[in-house]
Amino acid sequence: MSDDASPSVLREAREAVVEHAPELARLTPGRTGNLSVRDGDRFAVTPTGVAYDAFDTGDVPVVDLDGERVAGRMKPSSEVPMHRHIYRGYGSDAIVHTHSPWATSMAVLHEELPPIHYMIVTVGKRVPVAEYAPYGTEELAANVVAAMEEANATASFIENHGLVVTADDIETALEHTTHVEDLSRLYLQSSAVGEPTELPEAELDTAIEQFEGYGQGD
């Protein structure tokens with residue numbers, strides 16, 4: 001492993017980790033979450049066991065897609081295998097993993113999130129549940145990717161564990177993590193008083209088309 005802590009190694013990705021890591025504090029208890037930003041065949045990831053605002057760019061670990069730490073003063077998150085497998089399977093550029101309360105409630109119930117609201121299409125037509133395995137293991141990483149691929153989704157609950165979301169950039173990954181958390185709350189609250197109604201497939205397809213032209217782009 002290189003001892004190179006210079007910010008020149010994946011500078012932008014490491015700066016993005018430093019900038020956005022404090023946002024995990026509103027999503028997950030203690031130091032239980034992690035996030036990463038990929039650039040090519042390497043990614044910058046939050047260090048393990050460190051407060052989200054207690055490290056700088058040179059501290060941020062850089063890991064290659066084989067799991068080798070190539071830069072950074074601090075040790076990387078224990079969930080590097082999960083990040084690595086998702087990047088290999090999806091080719092996305094950012095991952096957020098949380099133990100946020102409503103999403104984790106879904107995970108504890110082993111219950112997928114159905115399409116009760118059109119905002120679910122930001123991550124797919126449903127959010128699946130990946131089979132449990134000990135955290136930080138290759139088995140867990142494989143389970144998460146399998147669940148996401150089977151559901152054609154970019155998010156997954158993990159049995160008795162939490163939530164993981166991947167996207168093209170870290171801002172979007174954090175935004176979609178918040179969407180899944182909010183929809184999990186909505187689902188569980190509505191389930192307490194009745195049977196939530198799911199949107200039909202055609203309406204989900206329409207929402208996907210609408211989102212493709214959403215925003216200020218041409």
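User: What volume does the second largest pocket have?

Analyst: This is a predicted model, in which local features need pLDDT of at least 70, side-chain atom pairs count only at pLDDT 80 or more, and totals for chains, interfaces and linings use all residues. Residues are numbered from 1 along each chain as its sequence is written, and side-chain values use heavy atoms, with hydrogens and water left out. A pocket is an open set of points on a 1 Å grid over the protein atoms alone, where a 1.4 Å probe fits, with protein on both sides within 12 Å along at least five of seven lines; lining residues have an atom within 4 Å of a point. Points are joined across faces, edges and corners, and a volume is the space filled by probe spheres set on them. For the second largest pocket this is about 200 Å³. Of its 18 lining residues, R31, T32, N34, S77 and S78 are the closest to the centre.

User: How does its lining divide by class?

Analyst: Ala, Val, Leu, Ile, Met, Phe, Trp, Tyr, Cys and Pro count as nonpolar, Asp, Glu, Lys and Arg as charged, and the others, Gly among them, as polar. Here there are five nonpolar, eleven polar and two charged residues.

User: Which residues lie nearest the centre of the largest pocket?

Analyst: V121, T122, H176, F211 and E212, out of eleven lining residues. The volume of the largest pocket is about 390 Å³, and its lining has six nonpolar, three polar and two charged residues.
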